[in-house]
Structure formats: structure tokens, C-alpha cells
Amino acid sequence: MKCRACGAKAAVNMRQHKLALCQPHFLEWIPEQTARFIKKYRMFGPDEKVLVAVSGGKDSLSLWDILHRLGYHADGLYLGLGIDLSPSGGEGIAYSDESRRLTEQFARERGLKLHVVDIQAEYGHSIPALATLTHRGQNRPCSVCGVAKRHEMNRMARDLGYDVLATGHNLDDEAAVLFGNTLSWQSEFLLRQGPVLPEHDGLARKVKPLCRFYEKEMAAYAILRGIEYIYEECPYSVGSTSMYYKELLNRLETDRPGAKLAFYLKFLEARAGGLFIQPENAPQALHNCPTCGQPTQYEGKCSFCRMMEKVQPAQ
Amino acid sequence: MTVKLVLRGKEYEVKPGMTLLDSLKKINVFSESVLAVRNGEMILDDEILKDGEVVKLVSVISGGGQ
């Protein structure tokens, strides 16, 4: 197969676009398309300060690389989750240690600014320990992890004066979430899903500049660019529903190229066209958490502070 | 007369002369879920695999959020 741009041997074939490219042209194409999506979905302007949530994985490190190449003021935020023991046997796997090492190495090699928040150092417990202590999540710390990450990412973006928080979600991530929410008709979640979650009432604007790239393309970008990323999966994600949905969608994509992309893009069109509307009884305004000051949907403490209250007895 | 495919440390053997896509079908792996690397170079679905070659399959699916 040959590169459409120069006729050399292609390194990547994107069947959904009927487009094959060689390594140099693919490495040009991804940042060009990212710049196009940032503009198309009005994610942020050239003078805005971007905080990139980086995990040490292929997507977030590639996103940081791309934004840096495009000339944006993009700093990194790494959250140390303390996932360093196997969920089954308790033996050491150093998943968080290794992802932090790779993230710090990436930043150091490029002279980029990285903020690190270690959850255990900051709050006294790792994510798996928090899940055990609060009895949340049915033996998986994923729900606790989600609450803590959302809280800390917003806190850091707000406290450090960033205009926007960028995450490395790719199209497969978005399609899997959409698939799950559609199966259970979670209209409230469907209403909110998109490339941009606007800022309001103390919530930082959140953007997903990679939301139209397939996961395979982002892995190809990381490898061809020479980005060293953590290849091992989070041990708690093995057998997860999102992985199962991704496999199902890839089965569909293998038979019908472009099915994943169409599923997501047609959803965005339908949402913009008013398919989903806010329920009449939905809370209109957010409240401020009396403990941390972050916005919360209901009156009283936010989910994160309620969770921390369970593990830290009142003084 | 075999081609070796390696995915997450697990080895699979297929007959030479098939395309990568057909080889992946033989071992029940979706082409969309992996990248194939031979001698340090990425190869595409239409590549014919030859006797004695070793192809590393890189899983592209990740489950954790960023």
C-alpha cells in the first residue's frame, strides 16, 4: 500500500478515511488534523493556557507532544494514584511508579512544565486504599478513581490559573462511552458528552482534542514519533465494561470501516440538532461545596469531600 | 514453515504466504485492535507474511481514563 501524499510505502492505513500515509506524512497529518478539530469545536485559542492531564499512556503523552508542536502554552498534570500492587495477589507491579517515571522523562526531555499531585501524599491514602476504606465500587477502585481525578484536575486547573483542561480521550474512548450510555439510555450523560464541556460556576472548561482519532492511530503516532509510553494496562481495567465495548466496536469496525466514526459524529450532529433536552426537573444551578469550594450538583459537600470524610474522622 | 505472531508475550503460529489480515483472523484478533511490527517497522493488513518471520502485535486498546 502506498502513501497518498508521496507514493512511498505506507506505514498507516486509515480505512475510514480511505487514506494511507507514510511515516513522515502521517506524523504531519495528525497535528494538522488536531489543529483543525481545536478550531472547529472552538476548544481554545492560541493565547489560552492549557493544562494537559497526562497519565503516561500513549494518548495523553501524544496529545501533549502535539500541542507543544502546534505552539500552544501546554503544561502537564500527572496524578499519582498509588496503583502499585496487584489487585489479586498484592505483589508489586509498580504501575503508577512506572507511568510517573515515563511522564517525568517525557517532560524533562522536551523541557516541558509538569505538575505532579500524589494522592497518597496529599490525602493520606492511595486510590485502591480509598476504595477499600469507603466500600465503593464493588472490588474495583474505578469509581473512586474517577471522582478523585475529576476533583483534582479541576482543583489544579482553577488554582493554577489555567484556561482549559485537555484530556487525551480518543474516538474509541468516546464511542465506548456513547455505546454504554445508549444501551442504558442515560439521557443526562448523552446530553453532556462532546468534544468540549464548557466552563461554568467554577468548573474548568474540558476539551478532548483527540476525540476524532481512532485509538489505533494514536498508538501508531506514539510509536512512530518515538514516544515511550506505559504499555501495560491499569490492572483494574482488565475485564472492564469499557474494554468489552471497545472490542465489540472494533469487531464492527473490522467488518464495516468507518462505523465507529459515523456512530460518534452522527451522535454529535443529533445532539446539536436537539435530540436530547434537559429534563424539566434537572438542577438549574450548581452549588459550592462548603469544604473545598468546588462546584457540586447538589447542596452540601461534593462527592470527593464526602468520600474523604469517611476516611478522615472529623477533627 | 511457520510465521510467529506475538501478542502480550503469547506466541501464535500461522502458515506463511497469508496476508497479515488473514493471519489475524486465524488467531481471532481484530485488525482494529492491534498494530503489527516486523523488524522494527509497522506493517499493514495486506502485507504477505513469509516463512520464519516474527511479527510483534501491539495491543492498542486501553481501558483507563486519563
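Helix axes are taken here as lines fitted to C-alpha atoms over the stretch in contact, with angles running from 0 to 180 degrees between N-to-C directions. In this predicted model, the axes of helix 7 (residues 171–183) and helix 10 (residues 241–255) of chain A come within 9 Å and cross at roughly 100°. Helix 7 of chain A is therefore roughly perpendicular to helix 10 of chain A, since angles of 65 to 115 degrees fall in that class. On the side of helix 7 of chain A, the contact is made by Asp172(A), Asp173(A), Ala175(A), Ala176(A), Phe179(A), Gly180(A) and Leu183(A). Helix 10 of chain A contributes Ser242(A), Tyr245(A), Lys246(A), Leu248(A), Leu249(A) and Asn250(A). By class, the residues of this helix pair comprise 7 nonpolar, 3 polar and 3 charged.

Between the chains, 38 residues of chain A are in contact with 22 residues of chain B. The two chains bury about 2700 Å² between them, with 55% of that area on carbon and sulfur atoms. Across the interface of chain A and chain B, 2 salt bridges are found. One of them joins Glu32(B) to Lys260(A), with the closest N and O atoms 3.8 Å apart.

On chain A, the side that touches chain B draws at least two residues from each of strand 1 (12–14), helix 2 (58–69), helix 6 (142–159), helix 9 (215–225) and helix 10. Helix 10 of chain A supplies the largest share, 8 residues. By class, this side of chain A has 14 nonpolar, 9 polar and 15 charged residues.

Definitions and conventions: Residues numbered from 1 in each chain as written. Chains lettered and ligands numbered in written order. Predicted model: local features only at pLDDT ≥ 70, side-chain atom pairs only at ≥ 80, totals over all residues. Heavy atoms only, no water. Helix = DSSP H or I, 4+ residues; strand = E, 2+ residues; numbered from the N terminus. Parallel < 35°, antiparallel > 145°, perpendicular 65-115°, else oblique. Contact = heavy atoms within 4.5 Å. Nonpolar A, V, L, I, M, F, W, Y, C, P; charged D, E, K, R; others polar. Buried area = accessible area lost by both parts, 1.4 Å probe. Salt bridge = Lys/Arg side-chain N within 4 Å of Asp/Glu carboxyl O.
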